Amino acid sequence: MIDALRTLFRPDAAPRHDVPADIAVAALLVDAAKADDVYKPEERLSVVALLKAMFNLETPEAEMLCEKGEAAQAEAADIVRFTRVVKFGLEEPERLRLIEALWEIVLIDHERDPDEDALLRRLAPLLAVSDHDSAAARHRVLSRQGGQ
C-alpha cells in the first residue's frame, strides 16, 4: 500500500487528465444551477444560452456541451478539477465573464439562496477572481435584472 501511495507523488508519475476548458466551464455552470438542489428547465436553458455566447456556438452544439458538462459535474467528486482547468486555462477577462455567468445562473430566479451564495463565494478565489470583482459581477447581473 505504501508503494502505491509513493507512486502517486512521484514527479515522473503519469499526468492526470483534465477535462477540456469548455467542459469545465459547462460543469461549473451546471453546478451553480444545481446549488439550491433544484435544476429548473429555465436554468438549463440559461446554461445553454451562456455556453452559446461564451463559446460562439450554435444551439445544438451548446446543448451538447451542456450535456457534457452535466455528465462531468455528476461524475466529479468536487469542483476543484474544473476550477483548476479554468484558472490556468482562461485569461482573466474570460474568468471574469465566467463569474458573471455563474451569477446569472444563480440569480435567474431573482432569489439569493444561501447555498448559491456560498458556492459563488467559494468559487471566486478558486477561479482567481477577487471578491471585489465577483461582487461587481453580481451587481451587473442584478442591474440587468432590474434588481437591487
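**Figure 1. Arginine 140 and its salt bridge in the predicted model.** Arginine 140 is partly exposed in this predicted model, its relative accessible area being 37%. Its partner in a salt bridge is glutamate 100, with 2.8 Å between the closest N and O atoms. The pair links distant parts of the chain, since arginine 140 belongs to helix α8 and glutamate 100 to helix α6, 40 residues apart. Glutamate 100 has a relative accessibility of 10%, and because buried means under 20%, glutamate 100 counts as buried.

Figure 2. A salt bridge joins the side chains of arginine 144 and glutamate 104, at 3.1 Å from N to O. Arginine 144 is in helix α8 and glutamate 104 in helix α6, so this pair ties together parts of the chain that lie 40 residues apart in sequence. Glutamate 104, at 19% relative accessibility, counts as buried. Through shared partners, salt bridges join Arg97, Glu100, Glu104, Arg140 and Arg144 into one network.

**Figure 3. The salt bridge between arginine 84 and aspartate 18.** In the whole structure, a search finds eight salt bridges. One of them is formed by the side chains of arginine 84 and aspartate 18, with an N to O distance of 3.1 Å. Arginine 84 sits in helix α5, while aspartate 18 sits in the loop between α1 (2-8) and α2, so parts that are 66 residues apart in sequence are tied together by the pair. Arginine 84 is partly exposed, with a relative accessible area of 24%. Aspartate 18 also counts as partly exposed, at a relative accessibility of 44%.

**Figure 4. The largest nonpolar core.** This core has 43 residues. Those that touch the most other members are Leu28, Leu29, Leu51, Ile99, Leu102 and Leu127. Two or more residues come from each of α2 (21-33), α3 (41-55), α4 (59-75), α5 (80-89), α6 (92-106), α7 (114-126) and α8 (131-145). The element that gives the most is α2, with 10 residues.

Figure 5. Apart from neighbours within four places in sequence, isoleucine 99 is in contact with Leu120, Ala124, Leu127, Val129, Ser134 and Ala137. Isoleucine 99 and arginine 138 are 39 residues apart in sequence, and their C-alpha atoms are 8.4 Å apart in space. Arginine 138 is part of helix α8. With a relative accessible area of 16%, arginine 138 is buried. Its contacts, leaving aside neighbours within four places in sequence, are Trp103, Leu107 and Arg112.

**Figure 6. The crossing of α2 and α4.** Two packed helices are described by the angle between their axes and the distance between the axes. For α2 and α4, the axes come within 7 Å and cross at roughly 70°. Angles of 65 to 115 degrees count as roughly perpendicular, and α2 and α4 are therefore roughly perpendicular to each other. On the α2 side, the contact is made by Asp22, Ile23, Ala26, Ala27, Val30 and Asp31. On the α4 side, Leu65, Cys66, Lys68, Gly69, Glu70, Ala72 and Gln73 take part. Of the residues in the contact of α2 with α4, seven are nonpolar, two polar and four charged.

**Figure 7. Glutamate 70 in helix α4.** Glutamate 70 is located in helix α4. At 16% relative accessibility, glutamate 70 counts as buried. Not counting residues up to four places away in sequence, glutamate 70 touches Val30, Tyr39 and Arg44. Of these, Val30 is one of the α2 residues that make the contact with α4.

Figure 8. Histidine 110 lies in the loop between α6 and α7. Its phi is near 60°, a positive value in a residue other than glycine. Histidine 110 has 56% relative accessibility and counts as exposed. Alanine 128 is placed in the loop between α7 and α8. For alanine 128, phi is near 60°, again a positive value in a residue other than glycine. Alanine 128 has a relative accessible area of 36% and is partly exposed.

Terms used
Residues numbered from 1 in each chain as written. Predicted model: local features only at pLDDT ≥ 70, side-chain atom pairs only at ≥ 80, totals over all residues. Heavy atoms only, no water. Core = buried A, V, L, I, M, F, W, Y, C linked by side-chain atoms within 4.5 Å. Buried < 20%, exposed > 50% of the residue type's maximum accessible area, 1.4 Å probe, protein only. Helix = DSSP H or I, 4+ residues; strand = E, 2+ residues; numbered from the N terminus. Contact = heavy atoms within 4.5 Å. Salt bridge = Lys/Arg side-chain N within 4 Å of Asp/Glu carboxyl O. Axes fitted to C-alpha atoms, helices over the stretch in contact; angles between N-to-C directions. Parallel < 35°, antiparallel > 145°, perpendicular 65-115°, else oblique. Nonpolar A, V, L, I, M, F, W, Y, C, P; charged D, E, K, R; others polar.
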